[in-house]
Amino acid sequence: MLFTRLAVPLRTLQTLSKTHRWHHTSLTNELIENMDKKATWDRFYTENGSKGQFKHFEWFFGFHSVKDFILPVLQTMSHSQIGPLNILDMGCGTSALGPCIYRTSPCAVKITCADISSVAVKLMQKHADSTAVEPCNPSSALAFLELDCTQLRGYFGLRSLDLILDKGTTDALVRSKDGQVKAGEIVRQCLQVLRPSGSLLQFSDEDPDARLVWLEREVRGAEPAADVGVQEVGELRGVSYFCYQISARTSEKIA
Ligand SMILES: C[S@@+](CC[C@H](N)C(=O)[O-])C[C@H]1O[C@@H](n2cnc3c(N)ncnc32)[C@H](O)[C@@H]1O
């Protein structure tokens, strides 16, 4: 029950808490404050996964709502690259985002779905093994990885990824007690592991007046220097969602 309540956009949850319409317990509060912690998410996915047959859980919305932000970018990137595009779904949880890209992208992709929660990663791996999804492009690959994304640089090489996707992960971090610093560190590491032509896309319910200011502050002085942009994804149940794009500054890009 507790976790069903958490499965709503974070901003909605916080607004409800503030206005006392949400009869939250101190334990719920503790969970909201600890969304940067592995134990919180292991518990979340254990509870979610114990409801019988595996079902993907989507924070905000699923692949269908964001595919037009992702597939055209991949198509453009594929023109200037030999071999599969390297994609990371950062904080994948048990979302179908990575598997859907694998199934529908006409250009070859190598997708890594990574999460700090070993429970989520095991559920995803088990489901993929049992369903044997066919890729749209025979050269595509799909992998699952337990990884704390504050350690991205230790796992991925410099300039090795083409696209990093973040659906709700930064949102969870910036709103938890100790997560802001981690979220900023993750953005800077993303810039290092992205190729000069690559991008980080953050799907979020945070308004541009707050997220853009935060992002611009976090990437100031970063190496490589970065540009930040935003597009509206749309409205769902009265909440507006955005896609923030962070990429190496054009002048920094290597031909
Ligand atoms: C709000 S959920 C979003 C899950 C998924 N992207 C979706 O759209 O349903 C945030 C996810 O970030 C993961 N997470 C939190 N901190 C992380 C970290 N440091 N490294 C990797 N994953 C992390 C959590 O385990 C959780 O699955």
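Q: Why are strand β6 (residues 226–236) and strand β7 (residues 239–248) said to pair?
A: 10 bridges join β6 to β7, which run antiparallel, and two strands pair if DSSP finds at least two bridges between them, so β6 and β7 pair. Strands here are DSSP runs of E with at least two residues, and helices are runs of H or I with at least four, both numbered from the N terminus. Within this pair, valine 228 stands opposite isoleucine 246 in β7, and arginine 237, in the hairpin with 2 residues between the strands, takes a positive phi near 45°.

The model is predicted, so local features need pLDDT of at least 70 and side-chain atom pairs count only at pLDDT 80 or more, while totals for chains, interfaces and linings use all residues. Residues are numbered from 1 along each chain as its sequence is written.

Q: What makes β3 and β6 edge strands?
A: The open sheet of 7 strands has the order β3-β2-β1-β4-β5-β7-β6, with mixed pairing, and β3 (141–146) and β6 each pair on one side only. On its paired side, β3 is joined by 6 bridges to β2 (residues 109–115), and these two run parallel; in β3, phenylalanine 144 is the bridge partner of cysteine 113.

Q: How do you know that cysteine 190 touches Leu152, Ile164 and Leu200?
A: Two residues are in contact if their C-beta atoms, placed from the backbone, lie within 7 Å, and Cys190 meets this with Leu152, Ile164 and Leu200, not counting residues up to four places away in sequence.
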